[in-house]
Amino acid sequence: MPVFRPSRAVFGTAAICAAVLAGSLAAVPAGAAEQPGRPAASVRPAEQPETGDGGPAAGRFIVKFKERAGHSSAGRSKAYGRAAQALGVGVEEVRATATGARVVAAEEPLDSAQAADLVSALEAHPDVAYVEPDRLMRPLAAAPNDELYRLQWNLWEDRAGLRVPGAWDVGTGEGAVVAVVDTGITPHSDLAGQVLPGYDMVSEAEMARDGDGRDADPRDEGDWFGPLECGDNQDGEGSSWHGTHVAGTVAAVAGNAKGVAGVAPGAMILPVRVLGACGGFMSDIADAIVWAAGGAVDGAPLNANPAQVVNLSLGNRGLCSSTTQEAISYAYGAGTAVVVAAGNEHVDAANASPGNCRNVITVGASGRDGRRAAYSNYGSLLDVTAPGGDMAAAEANGIPSTSNGGVSAAGAESYAYAEGTSMAAPHVSAVAALLMSPAGGSLSPAAVEQRLKATARPLASGCAAGCGAGLVDAAAALTGVTPSAPRATPSIRPGDLVAYDARGQLWNYGKSGSASTRKLIGGSGWTTMDELHTADWNDDGYTDIVAKSKAGRLYLYTARAAGGFSRSTIGSSGWGPLDLTVVRWKSGDDYPSIIAKDRRTGRLYVYGNPAGSRLSPRYLLGSRGWAQYALAALDWDKDGRKDLVARTPAGQLKLFRGDGEGGFISEFRLVIGRSGWDQMGNIVSSNGFGGAGTTGLIARDAAGKLWYYQADRKRWAARSLIGTGWGSYRIAEQ
């Protein structure tokens, strides 16, 4: 039977010392550490906008006329006219207020100086009693006075945080219960009054460490283990206090002048212990899900406080089991939302359970930079992403929450940083609790998922690997108002056919290849380029161009948000003898790499692009014999791993299947084109030209006809003619 573990959250090696108001870190162990922590960087909260005063710049004012003058529209018009003449801007009366004043608006926006001049001009009129700005009022959500709140970037930072303060204007989760199905919980003053009577579902006494297996005490007895006790761990690990950390993210007390604040501080925590030494059994976890949702479990009393939300920050590799699915289906049918961590193995979430089960909300993790965290699982099964932290650069970029100072057995309460999808999931569970509470609308699980997706915002960059609907926005989810940011129309969209003509002009033909709809995106000079490749090089959501010049230089044309491109050099010389293809070669890569064939030696190299900016040192992909091939990259069989298509001198197409890890599945050399391909020139891969999710090849024949060949897993679909007269064009790889 599979053993489930916490989603490998990484905890900092230093606990957050709550007694130090400055938020410094004390050198006290914070539990299990899978990698060394880093010194904490100084963290300062983002600049908070003023609330309650929208300012007069919008050009709306409230004007109160003296009693007699207020009845005369002619008198009011005369006052407005004088003010407008003094300012040079028209003024319009909008409506009367209940108190007899008039709402007045300028016909165009005013800056602060113009607004002050208009007020002065109106006040100077003898019939005006007073004038004041019609200020834009906003809900007032005061920042909690919790001493470590300033370290909780995950709650309030605009770039990558959950934007929780705006949600608290609607509610804080009162009336909602979140079941934390985890390692149990340790006593903590920042959770005082927030914890309901739970249950210990760990059935194996040795794993439970409390001597009796299942009981009504969900206290965390520690999940430490010694060397080799859990099979695949040589050194053993200390206790993680994982459940306590998760619980604090959900509902730590807010406004108590200490520690941290939970995302839903008005909600209640229902601790259900399922993880002990070495993890927890699937059967125990399934029982815990059913019990938490109010169902009957043999030997356990009925749960008097059925949960609206079940948080599962645990998992294992493999398919969703029938046992787990049945438990989740029961909870879903009972009106309980099940929120699951996607996992931290940097693989497609389709391969990790229970995130691949039905009727769950699967959550990936982002770092403080707003990007998908490098460890987070990804893919089409993700529903949303939430802050999970990334402590590679600084421990303070992790998620701070309640913890315990004990190494194995529980010690004194503490606070600690941690990272992982285990940390991302409780953020979403807490927002679900806000939505399922009476103040949030008492939404159903299906409605919660829909609302979370509909109001999610894009990550700070794109997420080609798949991050669900985007980063959860608590304020937007609770208010139903999604902030919109103006975004220019990109010069190139994924799958667009891009080519330069004999005059050196660069054109975008979109998905049709028709000259009637093409758009000029680059002036003259492109004939100096030998190869063009379109790709989102820096994963910012805009399609860039990688171009190799005939002089052997490599250029990056970065798409600008306002339109157009800015050029930089990413390879100064020596690229002339290399033929390139640009592709996300490893499964889950956030950035494309360059695969380069050296025509002189026949070797094949990969140049990585680890940060979306500069190339990393190359590694050898193929040692010899590649000089004879013309190459393109695509996912031929749609297994999520990119493959190389090679045209031989004899006119065949051969497929070299990628293994998703940066190499090839060595036993595969499939012939996918029997003959005639030697008559084709400018063969490039096409990803998206035939529609979202499609892949194929675009090739030009000797007569100047341009053809599209769409891959259909094991064969080519019937080719389609894009157009004629393409003999003098250079087509860009997609």
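Colleague: Where is serine 422 found?
Modeller: In helix H9. Bear in mind that this is a predicted model.

Colleague: Is serine 422 buried or exposed?
Modeller: Buried. Its relative accessibility is 0%, and the cut-off for buried is under 20%.

Colleague: What does the side chain of serine 422 make a polar contact with?
Modeller: With the side chain of histidine 242, at 2.9 Å.

Colleague: And where is the place of histidine 242?
Modeller: In helix H6, which covers residues 242-251. Histidine 242 counts as buried too, at 1% relative accessibility.

Colleague: Which residues does the UniProt "active site" annotation cover?
Modeller: Asp182, His242 and Ser422, according to the UniProt record, an unreviewed entry.

Colleague: Why say they gather at one spot?
Modeller: They span 241 residues in sequence, but no two of their C-alpha atoms are more than 10.1 Å apart, so they come together at one spot.

Colleague: Switching to packing. How many residues has the largest nonpolar core?
Modeller: It has 62. Among those with the most contacts inside it are Ile361, Val363, Val428 and Leu435.

Colleague: Which helix gives the most to this core?
Modeller: Helix H9, residues 421-436, with 11 residues. Serine 422 sits in that helix as well.

Colleague: What does leucine 435 touch?
Modeller: Leaving out residues up to four places away in sequence, its contacts include Gly440, Leu443, Val448, Leu452 and Leu478. Arg451 is one of them too.

Colleague: How many residues are in the second, separate core?
Modeller: That one has 31 residues, including Val272, Trp291, Ile328 and Val360.

How values were computed: Residues are numbered from 1 along each chain as its sequence is written. This is a predicted model: local features need pLDDT of at least 70, side-chain atom pairs count only at pLDDT 80 or more; totals for chains, interfaces and linings use all residues. Side-chain values use heavy atoms; hydrogens and water are left out. A nonpolar core is a set of buried Ala, Val, Leu, Ile, Met, Phe, Trp, Tyr and Cys residues joined through side-chain atoms within 4.5 Å. Buried means under 20% relative accessible area, exposed over 50%, partly exposed in between (1.4 Å probe, protein chains only). Helices (H or I, at least four residues) and strands (E, at least two) are DSSP runs, numbered from the N terminus. Contact means heavy atoms within 4.5 Å. UniProt positions are given in the numbering used here, feature names are shortened, and annotations may be inferred rather than shown by experiment. A polar contact is a pair of N or O atoms within 3.5 Å; within protein, one must be able to donate a hydrogen and the other to accept it, and residues adjacent in sequence count only if both atoms are side-chain atoms.
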